[in-house]
Amino acid sequence: MTLRCYFPGPNSTDCDFEYGTCGWRQSYSDDFDWSRNSGNTSSFNTGPSRDHTTGYGYYMYIETSYPRSPGQDARLTSPAQYRYGPQCLTFWYHMYGNTINSLNVYQSASITPSSYDLIFSLYGDRGNTWYEAQINIDNYTQPFYITIEGVHGRSYTGDIAIDDIVLSQGSCQQEVTDLFTTADANNDPTTPPYNGSSNFDCDFEYGTCGWQQSYYDDFDWSRNSGSTGSWFTGPSGDHTTGYGYYMYIDTFPHYDGQNARLTSPAQYRYGPQCLTFWYHMHGRTINSLNVYKSASTTPSSNDTLFSLIGASGNAWHEAQIPFDNYTQPFYITMEGVCGSSTRGDIAIDDIRLYQGSCQQE
Ligand SMILES: [Ca+2]
Ligand SMILES: [Ca+2]
Ligand SMILES: [Ca+2]
Ligand SMILES: [Ca+2]
């Protein structure tokens, strides 16, 4: 006789919130709860005006009006997941308001994640638009849970919303934007330059395009082609052509928590921007890749736009980071942080900055 256990189906994380929360549960180990809503949130100049699925449906959001206070968090946790190997978590987020704080994603073996389980983090105002997040996950524990956490900002203009969560087996699909990251497109002399802007885009084939190593960090990024020289970590070739160059942090001989920063030339562009780049985070002790946008070349933690924490498999993945800019000049800084062993090499390639919102598919 065979004993069969019941496990939830492979799509049990998926939720558009049209008819409830699909088994996602409010946490008790946080400060408040996510709200399910359609249409506007109750505050001006923050939150979405419609859901993402149909425009007439429901989404989840954190309401940051009274009586909430800064730093309070609300967590929503998925049903237990029983799947091994690479996974792709996608969801849509809306982070509009002057005092938007952060949206964090955890992957954990228990329903109460700790800070060590953080895999993704977004900070700050992204304008009044829904954007898609794609997060690559390598999973080797069962069961695991996904928790999405909204953190309250300094005032009521901090409503953060989410919709259309999907977890699928396999790495995240690469998008059509791959076409724009070929060497040919990058070197095409007919491509018009950005209006009055400095250099930014870099495939690292001939140098760092004006990106500079910081002196306010622990070590420097290295420019490399081929593999990184360490086993079980780092890429085996660059992203642009497979034979070209990329930048990476060599975690040997550095220590856990040490960082290296690479800062863009000064940028003079207003309004919505879309930063895209390719990252490779493969190894057992991958720490984090942080992106800052700052008015000076020495960003502080308040300038964080985006963080990825932990390994995402032996592949190049694209990050798309939308943000609004109203300060000039501004700088983008890419920071790699070492993990607890030499299996923590983090690489980046094909960095681009586009004027306007990030393309939706
Ligand atoms: Ca709660
Ligand atoms: Ca919806
Ligand atoms: Ca440095
Ligand atoms: Ca390259």
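This is a predicted model: local features need pLDDT of at least 70, side-chain atom pairs count only at pLDDT 80 or more; totals for chains, interfaces and linings use all residues.
Good morning. Of the 361 residues in this protein, buried residues make up 45%.

Let me begin with the secondary structure. The protein has 20 strands and one helix. As for the contacts, consider those between residues at least 6 apart in sequence: 81% of these join residues at least 24 apart.

I turn now to one of the sheets. Five strands form an open sheet in the order β2-β3-β10-β5-β8, and their pairing is antiparallel. At its edges are β2, residues 35-38, and β8, each of which pairs on one side only. From one strand to the next, the twist averages 40 degrees.

We can walk across this sheet from the β2 side. Strand β3 covers residues 58-62, and four bridges join β2 to this antiparallel partner. Within that pairing, Arg36 has Met60 in β3 as its bridge partner. Please keep Met60 in mind, as we shall return to that residue.

Asp164 is not a glycine, yet its phi is positive, at about 50 degrees. Asp164 has 20 other C-beta atoms within 10 Å, and is therefore buried; the cut-off for that class is 20 or more.

Strand β17 comprises residues 304-309, and six of its six residues are buried, so the strand is largely enclosed by the rest of the structure. Which strands pair with β17? Strand β7, residues 118-123, pairs with β17 in the antiparallel sense over three bridges, and Leu122 stands opposite Phe306 there. Strand β16, residues 288-294, is likewise antiparallel to β17, with five bridges. In that pairing Leu289 stands opposite Leu308.

This brings me to the interior. In soluble globular proteins, nonpolar side chains tend to be buried together. In the present model, the largest nonpolar core has 81 residues. Those with the most contacts inside this core are Met60, Tyr93, Ile119, Ile162, Met247, Tyr279 and Ile348. Met60 is the residue we met as the bridge partner of Arg36. Which strand gives the most to the core? That is β20, residues 346-355, with six residues.

Setting aside residues up to four places away in sequence, Tyr93 touches Leu103, Leu122, Tyr131, Ala133, Ala161 and Ile162. Among these contacts is Leu122, the residue that stands opposite Phe306 in β17.

Next, let us look at Tyr248, which lies in strand β13, residues 245-249. Tyr248 counts as buried because it has 25 C-beta neighbours inside 10 Å. Beyond its neighbours within four places in sequence, Tyr248 is in contact with Trp221, Ser222, Asn224, Thr228, Gly234, Asp345, Ile346 and Ala347. Tyr248 and Met281 are 33 residues apart in sequence, and their C-alpha atoms are 9.9 Å apart in space.

Finally, I would draw your attention to some backbone details in loops. Where is Phe204 placed? Phe204 is in the loop between α1, residues 183-187, and β11, residues 212-213. Its phi is near 65 degrees, a positive value in a residue other than glycine. Phe204 is also buried, since 25 other C-beta atoms lie within 10 Å.

There are also cis peptide bonds to note. Gln142 and Pro143 are joined by a cis peptide bond with omega about -10 degrees. Pro143 lies in the loop between β8, residues 130-139, and β9, residues 145-151. The peptide bond from Gln328 to Pro329 is cis as well, and omega is near -15 degrees. Pro329 has its place in the loop between β18, residues 317-325, and β19, residues 331-337.

Thank you for your attention.

Technical notes: Residues are numbered from 1 along each chain as its sequence is written. Chains are lettered from A and ligands numbered from 1 in the order in which they are written. Helices (H or I, at least four residues) and strands (E, at least two) are DSSP runs, numbered from the N terminus. A residue is buried if 20 or more other C-beta atoms lie within 10 Å of its own, exposed if 12 or fewer, and partly exposed in between; C-beta atoms are placed from the backbone. Two residues are in contact if their C-beta atoms, placed from the backbone, lie within 7 Å. Two strands pair if DSSP finds at least two bridges between them. Axes are lines fitted to C-alpha atoms, for helices over the stretch in contact, and angles run from 0 to 180 degrees between N-to-C directions. A nonpolar core is a set of buried Ala, Val, Leu, Ile, Met, Phe, Trp, Tyr and Cys residues joined through C-beta atoms within 7 Å.
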